[in-house]
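Open the structure in your viewer and keep the selection tool at hand. We will go stop by stop.

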Amino acid sequence: MQARPARSFSILGWLLESRNGLGFLFMLPAAVFLLCFLTYPLGLGVWLGFTDARIGREGIFVGLENYIWLFDDPVFWLSVFNTMLYTVVASILKFALGLWLALILNQHLPFKTFFRAIILLPWVVPTVLSALAFWWIYDSQFSIISYVLMNLGLISEPINFLGDPGMARASVIAANVWRGIPFVAISLLAGLQTIPQSLNEAAALDGATSWQRFTKITLPLLTPIIAVVMTFSVLFTFTDFQLIYVLTRGGPVNATHLMATLSFQRAIPGGQLGEGAAIAVAMIPFLLAAILFSFFGLQRRKWQQGGGD
Amino acid sequence: MTINRRRFLSGTAGLAAGGLLAGTLGTRHALAQASASMFTPEEGATLRLLRWVPFVTGEEEAWNANTAAFTEATGVEVRIDQESWEDVRPKAAVAANVGSGPDMVMSWFDDPFQYPDKLVDVTDLANALGEEHGGWYEGLEGYARQGDKFIAIPLCAIGNAVCYRDSHMKAAGFSEFPQDTDGFLELCKALKANGTPAGFPHGKAVGDGNNYAHWLLWSHGGMTVDESGAVAINSPETKAAIDYAKALYETFIPGTESWLDINNNRAFLAGEVSLTANGVSLYYAATKDEALKEIAEDIRTTNLPIGPVGKSVELHQTSTLSIFNHCKYPQAAKAYIAFMYQADRMNAWLEGASAYCCQALKGFENNPVWTSNPVHAPYAKASASLRPNGYAGPLGPASAGVMADYVLVDMFAEAVTGQRTPEEAIANAERRIARYYR
């Protein structure tokens, strides 16, 4: 009778006194949080992808049926192509322009802090607002760009920004790049400032050109930051939704439909929850590949230290 | 000012009705009382209605005033929850299947057919209202009746009509608006030649894009599925509709393939296009702005032209009222709906909506709102020309899915922009429709 309370007391005591026990206790809230709000929804999404669930109706397990249909659905493949194109082009542009901007901001400029602050603006403005602004900029009748060019006599009729498939893709990528540059630039700027100035000075004394200093010192030391920043950038771009939804809703004729927007269109307004979930789940392998590439590809120690493979 | 006008109108309507009923239509009077007293609210009943966010403030005021009058008459409190129109569908579907939440829903299109077994049978109420007020319009009834059973009460059609600039049409050499699709094409060609082109959305415009695409298909006799739900899009009629759409597209202002719901309004109000189709809201947007006075005075409206099918057929937007099974006070809910459909109540509501909502019952076709302004007139025919979505097949998740996935909008857009041949566009639509109707 008396042994039991003693034992439970001892378990509590062990929990509180042992290093591992206390660690477990401290981790518990975070673990519960992750399980409830990340693992469970993800698991549910994966499960829904294997059912024919509709909004408000429990689905029955249909195996790979949703995926088989999607495999045969040109709209889905178009959205995969669009998503890849969107992500690759926008990420490369964001990286190149962001790095360039970071290097400029790392120089001694007049009003340096001012520039560093305003550079964040596109990132700070809510996406929907900047998307609405771009919607007007790209309007088929009232575009400011068309207006200016027409008044300058360079073009005779408005540019069909969102009507022509190629133009529409370029337009949404441009809007995404505009929005994404600050994140890349500011993060890389932070990375640049961790590089000891003495390394550059030593290299300069040894007669290294600025290009050599950039490729042999700055870039290798910046790689860990680049890996993290670009992983996030790719993930944000890949899962972009708001920009497309405001600008085109996936039009013209699905030329800018991303996997995220197609998933929403089929699942919520269309009510085909199972199929929408399947499209969302189909994004996971791409996202995993992006993460794995950046972590195992870009973070190899040897390469960072200037060695070959 | 509007309140005065409404008071005056309801007063006169009451007088007129009183005079008529006292005389020849004694039986009708008895029936009119029938639906009002058919249902007695349960003791201590309260109700919750989920509705779409009103587009017209007058409509909201009238609906709320009617609701307040119902509460006063019966003591039943009615709470009205508003959701943006796109969110009503998922919310209502979840409420239906979870079995809690609002007691009634004012929903769109084929929503009641997504969960028919979760809805209270309202056949008694629908039949009583139909008998009292001259019967339901066929298209709207189609959105509410499954077999012999009403699973919802049709509320209104939100009409779509051609809005055009009278002076531009006359300048193009037309004294009257053409009534058929061939004449319409000629008008659009002439407008284009004059530099005052037409424009209809080929982009993902939920309302306007679907209205236009369905009119194109149906006016040429095409259909997505036949009566049994078998895919029937691949037909010479669909091909004809696409060829017509291509010819019409040639006359449009450039860029319509990127248009969302608001673009045609913007372009019209800026004077960039002279002809499009829209709800009556376009006209009111013009009248409210002093700078657009000239355009407002120049606006005329008319119904979309009649195609080879020989009659006016359009999709419009439709709303119905349904009661969930989980409602604890179904009698109160029916009494509420019956009350809202009483002649003076319904007339006040239609008045308040200033031609935005078209009556579901033929008995209200003489509502003064339709004659108060010639611009309103075409919208009065919305309920008559309305054809249910997914024609000629049954309503349900499949028909809803095909519309939500923009299958028809995409089919026409693919063909008119030359991205696919008409045959390929039809084949693609056929595949997608078959998927939903599997």
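Which residues are buried in helix α5 (residues 123–132) of chain B? Select that helix and look. Leu125(B), Ala126(B), Ala128(B), Leu129(B), Gly130(B) and Glu132(B) are the buried ones. Keep in mind that this is a predicted model. Now step past the end of the helix. α5(B) is followed by Gly134(B). The phi of Gly134(B) is positive, near 80°.

**Zoom out to chain B**

Along the principal axes, the C-alpha atoms of chain B fill a box of roughly 65 × 50 × 40 Å. How many of the 438 residues count as buried? The share is 55%. Next, think about contacts in chain B with a separation of 6 or more. Residues 24 or more positions apart account for 76% of them.

**Select α19 of chain B**

Pick residues 407–416 of chain B; this is helix α19. Is α19(B) enclosed or open? Ten of its ten residues are buried, so α19(B) is largely enclosed by the rest of the structure. Click along the helix to see them. Val407(B), Leu408(B), Val409(B), Asp410(B) and Met411(B) are among the buried residues.

Beyond α19(B) comes Gly418(B), with a positive phi near 80°.

Now select residues 236–250 of chain B, helix α10. At what angle does α10(B) pack with α19(B)? The angle is about 60°, and the axes are 9 Å apart. The two helices are therefore oblique to each other. Their crossing is right-handed.

Show the side chains where the two helices meet. From α10(B), take Ile242(B), Ala245(B), Lys246(B) and Tyr249(B). From α19(B), take Phe412(B), Ala415(B) and Val416(B). By class, this contact has six nonpolar, no polar and one charged residues. Look again at the spacing on α10(B), where Ile242(B), Ala245(B), Lys246(B) and Tyr249(B) take part. An α-helix has 3.6 residues a turn, so residues three or four places apart point the same way.

**Find the cis bond**

Go to the loop between α17 (382–385) and α18 (397–404) of chain B, where Ala392(B) is found. Tyr391(B) lies in that loop too. The peptide bond from Tyr391(B) to Ala392(B) is cis, with omega near 0°. Is Tyr391(B) buried or exposed? It is buried, with 22 other C-beta atoms within 10 Å. Leaving aside neighbours within four places in sequence, Tyr391(B) is in contact with Trp218(B) and Met223(B). Now draw a distance from Tyr391(B) to Leu315(B). They are 76 residues apart in sequence, yet 9.7 Å apart in space, C-alpha to C-alpha.

**Cross over to chain A**

Bring chain A back. How many residues of chain A are in contact with chain B? There are 29, and they touch 32 residues of chain B. On the chain A side, the classes are eleven nonpolar, 13 polar and five charged residues.

Select Asn176(A), in helix α9 (residues 165–193) of chain A. With 26 C-beta neighbours inside 10 Å, Asn176(A) counts as buried. Neighbours within four places in sequence aside, Asn176(A) is in contact with Ala90(A), Thr237(A), Asp240(A) and Leu243(A). Leu42(A) is 134 residues away along the chain, and its C-alpha atom is 26 Å from that of Asn176(A).

**Last stop: two positive phi values**

Move to the loop between α12 (242–247) and α13 (259–267) of chain A, the place of Val253(A). Val253(A) has a positive phi of about 45° although it is not a glycine. For Asn254(A), also not a glycine, phi is positive and near 70°. Val253(A) counts as buried, with 29 C-beta neighbours inside 10 Å. Asn254(A) is buried as well, with 25 other C-beta atoms within 10 Å.

Conventions: Residues are numbered from 1 along each chain as its sequence is written. Chains are lettered from A and ligands numbered from 1 in the order in which they are written. Axes are lines fitted to C-alpha atoms, for helices over the stretch in contact, and angles run from 0 to 180 degrees between N-to-C directions. Helices (H or I, at least four residues) and strands (E, at least two) are DSSP runs, numbered from the N terminus. Angles under 35 degrees count as roughly parallel, over 145 as roughly antiparallel, 65 to 115 as roughly perpendicular and the rest as oblique. A crossing is left-handed if the near helix is turned anticlockwise from the far one by less than a right angle, and right-handed if clockwise. Two residues are in contact if their C-beta atoms, placed from the backbone, lie within 7 Å. Ala, Val, Leu, Ile, Met, Phe, Trp, Tyr, Cys and Pro count as nonpolar, Asp, Glu, Lys and Arg as charged, and the others, Gly among them, as polar. A residue is buried if 20 or more other C-beta atoms lie within 10 Å of its own, exposed if 12 or fewer, and partly exposed in between; C-beta atoms are placed from the backbone.
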